Amino acid sequence: MRVFPWGFWLLCVASAPARGDSKARSCAEVRQLYGAKGFSLSGVPQAEISGEHLRICPQGYTCCTSEMEENFANKSRSEFEAMMKEAGRSVQATLTAQHRSFDSYFQDLLNKSEKALYDAFPSMFGELYTQNAKVFKDLYSELRRYYRSSNINLEEALNEFWTRLLERLFKLLNPQYHITDEYLDCMVKHAEQHRPFGEVPRELKVKATRAFIAARSYAQGFLVGSDVARKVSQVSLSQECSRAIMKLMYCPHCRGMAGLKPCSNYCLNVVKGCLANQADLSTEWRYLMDSLMGVADRIDGPYNVDTVIGTIHVRIAEAISNLQENKDSITSKVFQGCGNPKISTKGSSSEDKKRRGKVTLEAKSSAQALEMLVLDAKGNLTALKTYWITLPSSLCSKKIMSSSASDDKCWNGMTKGSYLPEVMGDGLANQINNPEVEVDITKPDMTIRQQIMQLKIMTNRLGNANVGNDVDFQDTSDDVSGSGSGDSCPDDVCGKRLSKSPSTRQPETHAIPKQSGHGVSGASSTSLPSASLLLLLLPLHLWR
C-alpha cells in the first residue's frame with residue numbers, strides 16, 4: 001500500500017473550495033431577485049454550481065450562469081446610469097428653479113415699469129406721448145431682447161432711443177415750424193451738446209447698462225450650469241467601469257450573499273474610478289457657483305436692479321420734463337447753429353398739446369423680494385459647490401447602500417470581509433493606481449472636457465459682468481468657440497484683469513444654451529469644438 005506524505009494531503013485540502021456546509025446552498029434569494037428584475041427563471045440554478053464560467057464575478061461556487069451574469073451586468077450598468085441621471089436632474093431642477101425665480105422677478109420689474117409709463121404718460125404729456133408711443137414701446141422691446149441674449153448693443157439701443165425721442169419731441173414742441181429730416185440731423189448734433197434731457201440719459205445709461213449686464217449674465221449662468229449638469233450626467237460608462245459596477249452591485253448575489261452590503265471604501269474606489277472625468281469638473285464648477293454669488297451681491301447691492309429697472313419710466317418722465325422746461329433755451333441754441341426753419345402753415349401752438357399738468361410718478365419697490373431671491377440662490381449655490389467631488393460618497397451611501405466605514409463584514413469584491421486598499425483621490429489623474437477600475441488617465445472624456453470649457457466661458461462672462469463689462473452672446477448651443485475662454489477665475493480675479501469701461505470696450509462673444517420657456521433645452525448633442533480649438537485648449541487643461 002502506497003503511503004502519501006502529509007504535505008500532499010495538506011495541499012489537497014488547501015486547493016479544495018472552502019465551504020462552510022456539506023451541501024450546496026440554495027439559490028432561492030437570487031432566483032427571487034432575478035425574477036423581480038424582469039428576467040426568466042428558466043435555467044436559473046436551484047442550488048449553487050461551480051463558477052468557472054464566470055467572467056466578472058469571483059469563480060467560486062455561484063448561483064449565476066453566464067447568461068445571468070451578463071444580464072446582471074447590463075442591469076447594473078443601466079441602474080447606475082439612472083442614478084447618475086437622477087442626481088443630475090436634482091441639480092438641474094435646483095438651478096432651473098433659481099433661473100425661473102429671478103427671470104420672473106426681472107421680467108415683472110420691466111412689465112410694471114412699462115405699464116406705469118403707459119398709464120401715466122398720456123395725462124402727463126398729452127400728444128408728446130400719444131404721438132410717440134411707439135418710441136417707448138420699442139425701447140422696452142429692445143431691453144427685453146437684450147436681456148434674452150439677443151446680439152444687440154445695449155448702449156447703442158439707449159442712445160438711439162434718446163435720439164429718436166429728441167427728434168419727435170422737438171417737432172411737437174415747435175409745431176409752427178416745418179422741420180425736415182436734414183434739419184433734425186443738425187438739431188440733434190447741436191442740442192445734445194446742451195443736454196436737452198439733463199443728466200438722465202448719461203445716468204440711466206451707466207446704471208441700466210450695469211444692471212442689465214449683471215441680470216442677463218446671472219440668469220444665463222443658471223442655465224449654463226443646468227445644461228452642463230444635464231450633459232455630464234448622460235455620459236455613458238466605460239466597459240471597465242461597467243464590469244466594476246457589476247462586481248460591486250450584483251456579484252454578492254451570485255455568491256449567495258444577497259444581504260451583504262458593499263464595503264464603504266470599496267464602493268468609493270469603484271465609483272471614483274467610474275466618475276473620474278466628472279470629478280475634474282469640480283474646480284470650474286466651484287468657480288461658476290462663486291461667480292454667480294458674486295454677481296448676486298452686485299444685483300442686490302451696487303447695481304441695485306430693483307431701483308434701476310423699476311424706475312426707468314420715472315427717469316424718462318424726468319428727462320421729458322427737463323426738455324419741456326428748457327425748451328426755449330434749447331430751441332434758441334439750435335436755431336443759432338442750424339438756422340431758422342421755415343414756418344409751417346399746419347402748425348398749432350396749443351399749449352394743451354405741448355404740456356399737461358404734472359403728475360407724480362411712483363415706483364413700487366420690490367427690494368425685499370430681490371433680497372429673498374438672492375439669499376435663497378446663495379444658499380443653493382453654496383450647497384452645490386462640492387457636488388462633483390461628493391457625488392461618489394453620496395451615491396454609495398444613499399443609492400448603492402454601502403456599509404458603514406467601520407464594518408469589516410461587508411462585500412469587498414471577492415467575499416465577506418474587510419476592505420484593505422486605500423481610497424483613491426478625486427479626478428482622472430488620481431486613478432492611476434485604482435485597484436477596482438482600470439482607468440486610462442491619458443484619454444479624458446471629450447464631452448466632459450467640452451463642458452469644462454463651457455464652465456470657463458460662463459465664469460469669465462460673470463467676471464466681466466461683475467465689473468460692468470458687457471459680453472455678447474451667440475444664441476446657439478454646443479458651441480464653445482467664444483472668445484475670452486482661455487482662463488478661468490473667480491469673479492474678483494476676473495475683475496482685476498479688466499480695465500476698460502463699458503463704453504470703451506467691444507463686447508466679447510460667448511455661447512449659451514438655448515432656452516425653452518424658463519428651462520434648458522432638451523438637445524443632447526455633444527458636438528465638439530473645431531479641431532484647431534481643441535488642439536489649443538486640451539494641452540492647457542488636460543492635467544488639471
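Student: Which residues in helix 19 does helix 11 meet?
Tutor: Good place to start, and keep in mind that this is a predicted model. From helix 11, the residues taking part are C267, L268, V271 and K272. By class, the contact between the two helices has 6 nonpolar, 1 polar and 1 charged residues. On the helix 19 side, the partners are P392, S393, L395 and C396.

Student: And how are helix 11 and helix 19 turned: oblique or roughly antiparallel?
Tutor: The axes of helix 11 (residues 264-274) and helix 19 (residues 387-398) come within 9 Å, crossing at roughly 130°. Only angles over 145 degrees count as roughly antiparallel, and 65 to 115 as roughly perpendicular. The crossing angle therefore makes helix 11, relative to helix 19, oblique.

Student: Is that crossing of helix 11 and helix 19 right-handed or left-handed?
Tutor: We already have the angle, roughly 130° between the two axes. As for the hand, the way helix 11 passes helix 19 is right-handed.

Student: Let's move to helix 3. Is it roughly parallel or roughly antiparallel to helix 18?
Tutor: Start from the axes: those of helix 3 and helix 18 (residues 367-384) come within 11 Å and cross at roughly 165°. An angle over 145 degrees is enough for the label, so the orientation of helix 3 to helix 18 is roughly antiparallel.

Student: Which residues of helix 18 make the contact with helix 3?
Tutor: Helix 3 passes helix 18 in a left-handed crossing. Its own share of the contact is V91, T94, L95, Q98, S101, F102 and Y105. From helix 18 come L370, L373, D376, A377, N380, L381 and L384.

Student: At what angle do helix 2 and helix 3 cross?
Tutor: Helix 2 covers residues 28-36 and helix 3 covers residues 66-125, and their axes come within 12 Å. The two helices are oblique to each other, and helix 2 passes helix 3 in a left-handed crossing. The crossing angle is roughly 50°.

Student: How many nonpolar residues are in the contact of helix 2 with helix 3?
Tutor: Helix 2 brings V30, L33 and Y34, while helix 3 brings E67, M68, N71 and F72. Sorted by class, there is 1 polar residue and 1 charged residue. Nonpolar residues number 5.

Student: Is L110 buried or exposed?
Tutor: L110 is found in helix 3. Not counting residues up to four places away in sequence, L110 touches Y140, L143, R144, F212, I309 and I312. Its relative accessibility is 0%, and the cut-off is under 20%, so L110 counts as buried.

Student: How far apart in space are L110 and R144, C-alpha to C-alpha?
Tutor: R144 is one of the residues that L110 touches. Along the sequence the pair is 34 residues apart. In space, the C-alpha to C-alpha distance is 8.1 Å.

Student: Which residues does M84 touch, not counting residues up to four places away in sequence?
Tutor: M84 also lies in helix 3, and it is buried, with a relative accessible area of 3%. Its C-alpha atom is separated by 9.1 Å from that of V232, 148 residues apart along the chain. The residues it touches are S233, L275, Q278, L391 and L395.

Student: What does A82 count as at 38% relative accessibility?
Tutor: The place of A82 is in helix 3. Buried needs under 20% and exposed needs over 50%. At 38%, A82 therefore counts as partly exposed.

Student: Where is R195 found?
Tutor: R195 is not a glycine, yet it has a positive phi of about 50°. Most residues other than glycine have a negative phi. R195 is found in the loop between helix 7 (181-193) and helix 8 (200-233).

Student: What is the phi of N304?
Tutor: N304 lies in the loop between helix 13 (282-299) and helix 14 (305-310). It is partly exposed, with a relative accessible area of 32%. Phi is positive here in a residue other than glycine, near 45°.

Student: How many helices and strands does the protein chain come to?
Tutor: The protein chain has 544 residues, of which 50% are buried. Among contacts between residues at least 6 apart in sequence, 84% join residues at least 24 apart. The secondary structure comes to 22 helices and 8 strands.

How values were computed
Residues are numbered from 1 along each chain as its sequence is written. This is a predicted model: local features need pLDDT of at least 70, side-chain atom pairs count only at pLDDT 80 or more; totals for chains, interfaces and linings use all residues. Side-chain values use heavy atoms; hydrogens and water are left out. Axes are lines fitted to C-alpha atoms, for helices over the stretch in contact, and angles run from 0 to 180 degrees between N-to-C directions. Helices (H or I, at least four residues) and strands (E, at least two) are DSSP runs, numbered from the N terminus. Angles under 35 degrees count as roughly parallel, over 145 as roughly antiparallel, 65 to 115 as roughly perpendicular and the rest as oblique. A crossing is left-handed if the near helix is turned anticlockwise from the far one by less than a right angle, and right-handed if clockwise. Contact means heavy atoms within 4.5 Å. Ala, Val, Leu, Ile, Met, Phe, Trp, Tyr, Cys and Pro count as nonpolar, Asp, Glu, Lys and Arg as charged, and the others, Gly among them, as polar. Buried means under 20% relative accessible area, exposed over 50%, partly exposed in between (1.4 Å probe, protein chains only).
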